[in-house]
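Here are my notes for you to read alongside the model.

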Amino acid sequence: MYSRMLHTSALNTVRKTAEFNSGNNVPMSAEHLLAQNNPVLRKQRGVWFTPQQAVDFTVRAVGGIQQQFFAGKGNVLTVIGNPPYNISSCNKSPWIEKKLADYKAGLSERNIQPLSDDYIKFIRFGQHIIEQQGIGILTYITNNGFLDGIIHRQMRRVLTQTFDRIYILNLHGNSRRNETAPDGSSDENIFDIQQGVSINFFIKSGQPEPEINNSSGTVFYADLYGTRQTKLSYLAQAAFSEIDWQPLLLHKPYYFFVPKDFSLQKEYDAGFAVSELFPVKSSGVKTHHDSELVAFEAFDEKNETYSYRVFDDRNICYNLERVERHRFAVMQHLLHRRNTALCLSRQQKSTDFRHVLAVNRLTDIGLFGDSTTVFPLYCYKNNKRYANFNRQIVRVIEDKTGSKIKPLELFDYIYAVLHSPPYRLRYQPFLKIDFPRIPYPESAAQYRQRVKQGCRLRKLHLFENVPKSAVRFPVSGNNIVRRVRFSDDRVWINESQYFADVPESAWRCGIGSSFPAEKFLKVRKNRKLSCAEIEHYCKIITVLTITAELTRS
């Protein structure tokens, strides 16, 4: 197996190590090749060896695949490896870039950089090798982001057109998504990395290709959850033929390589898309130099209050010549303006849908920890404001409610729906893959009820009229955050100081990819909390407590 840390030299290395000797079932090891031929480079790259149990399983699985699909066909070309995962790829040869065009064709997204990740290039390269041979096996341990990434949909489609069968053993272990096993127990990675991984078998046997839209057997899938040791123990003894492979029904336009339940597609699609209601929108601000342009303290020039993380405002030096992606075309409508904006993420990395927040100022792209899109309620032109709405959608809502729609009320209706537990549960498969669609109101009474609920949540999240907090900070000390932990309704910041009367529901209330009650303090490790920060944290707990109560009901 070659290392996930190989870079420009790896494209040449894989070609040399692609042949698989079907007679003795022993693949050449690019890791050993690199160590032997260029030990200095190997040390510089920090090569990580693949766990032996994963290597053994992959070798056994390839042997089983050869017996099952290639009996009597002699030696079969097999590409085996664990390619590098690096979105900032150094492999920029014109040849591989041209090959990647197949994976990018027809995509409408502005940012398709993830499709230039090294491991994507290795998949495309291995696919090319098998295509040239006519038959063969491509087997990689990779980042599992391509299994369900929206931007990878064309890539998945192309792979199903090239290979007769694809088998995915999803090892999970994504700490960024706070993944757990289905029973709630711990789920760990087999590597010391945050990104989840999978073992993928792409098979081209020369048999007739099935239609990619029926379940006759293009893609098969299995999960492996648990601790690292549990997973490695399983891989040490598992046989390819004994795995409970589940055939996937692939759906246009995404062709997901993970199980998805789209039985409610027609019902869900009957609603209106938030991305269509708000014509003016953009990703949040991305400075590319946060250490210089974002701070706890105010800047001497161009200083603006900045929604940096959930309930955690900072200061930004909003100098358009220094902030690389200032998004001023959209952010100007929130700059010194009376306005509100809805923040969402197009695709969720967390287990549950919870990337929803109202803001009223400049907002960072990493507000949720994932990429954040900002939808302003109003736009301004010549100092006059107008609702940032698609009038056609508004007219349909007005027909259903029998009254003229006020912009802020429609915002609140949407905000209430997005926080509704039945809505989140019922449409979870759809909410994780694209901007949400909102059901039209069934009646004027239902609409008014939702507006009232959403109004309360919106004001709460903007820290307007927050009730007096019951949270206390009772012990005097240096106020320096050392180790944050929660125990018995107390949030400790060091060995002697804590916030008291903190409900567990507030501590475990997640917004975006993190938990604000924990995140606010952890990013201040080794900093002294100011009186204003202590007071604000007490309010955060109050807001989270009420949010948890409202969203439960």
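**Notes on the predicted model**

1. The cut-offs here are over 50% for exposed, under 20% for buried and partly exposed in between, with a 1.4 Å probe and protein chains only. Arg508 sits in the loop between α18 (504-507) and α19 (516-522). Between Arg508 and Thr545 there are 37 residues in sequence and 9.6 Å in space, C-alpha to C-alpha.

2. A word on ground rules. This is a predicted model, in which local features need pLDDT of at least 70 and side-chain atom pairs count only at pLDDT 80 or more, while totals for chains, interfaces and linings use all residues. Residues are numbered from 1 along each chain as its sequence is written, and side-chain values use heavy atoms, leaving out hydrogens and water.

3. Now the whole chain. It holds 20 helices and 23 strands, which are DSSP runs numbered from the N terminus (helices: H or I, at least four residues; strands: E, at least two). Of the 553 residues, 53% are buried. The accessible surface comes to about 25,200 Å², with 47% of it belonging to carbon and sulfur atoms; the areas come from the Shrake-Rupley method with a 1.4 Å probe, and for residues only the protein chains shown count as cover. Taking contacts (heavy atoms within 4.5 Å) between residues at least 6 apart in sequence, 73% join residues at least 24 apart.

4. Which helices are worth a look together? The axes of α4 (residues 52-69) and α8 (residues 228-237) come within 7 Å and cross at roughly 35°. On α4 the contact is made by Gln53, Ala54, Phe57 and Arg60, and on α8 by Leu232, Leu235, Ala236 and Gln237. These residues divide into 5 nonpolar, 2 polar and 1 charged. The axes are lines fitted to C-alpha atoms, for helices over the stretch in contact, with angles running from 0 to 180 degrees between N-to-C directions.

5. Next, an open sheet of 4 strands, ordered β11-β13-β12-β16 with mixed pairing. Its edge strands, β11 (294-295) and β16 (362-363), each pair on one side only. Two strands pair if DSSP finds at least two bridges between them. Antiparallel pairing over 6 bridges links β12 (residues 303-309) with β13 (residues 312-317), and Arg309 stands opposite Asp312 in β13.

6. An open sheet of 3 strands has antiparallel pairing and the order β21-β22-β23. Here β21 (485-487) and β23 (498-500) are the edge strands, and the twist averages 20° from one strand to the next. Strands β21 and β22 (residues 490-492) share 3 bridges, with Trp492 in β22 as the bridge partner of Arg485.

7. Where do the side chains of β15 (residues 356-359) point? Val356 and Ala358 point one way, Leu357 and Val359 the other, and all are buried. In a regular strand the side chains alternate between the two faces of the sheet. Strand β14 (residues 341-344) is joined to β15 by 4 bridges and runs antiparallel to it; Cys343 stands opposite Leu357.

8. Finally, a hairpin: β18 and β19 have 2 residues between them, and Asn382 in the turn has a positive phi of about 55°. Strands β18 (residues 378-381) and β19 (residues 384-387) pair in the antiparallel sense over 4 bridges, and Tyr378 faces Ala387 in β19 as its opposite residue.

Technical notes:
Ala, Val, Leu, Ile, Met, Phe, Trp, Tyr, Cys and Pro count as nonpolar, Asp, Glu, Lys and Arg as charged, and the others, Gly among them, as polar.
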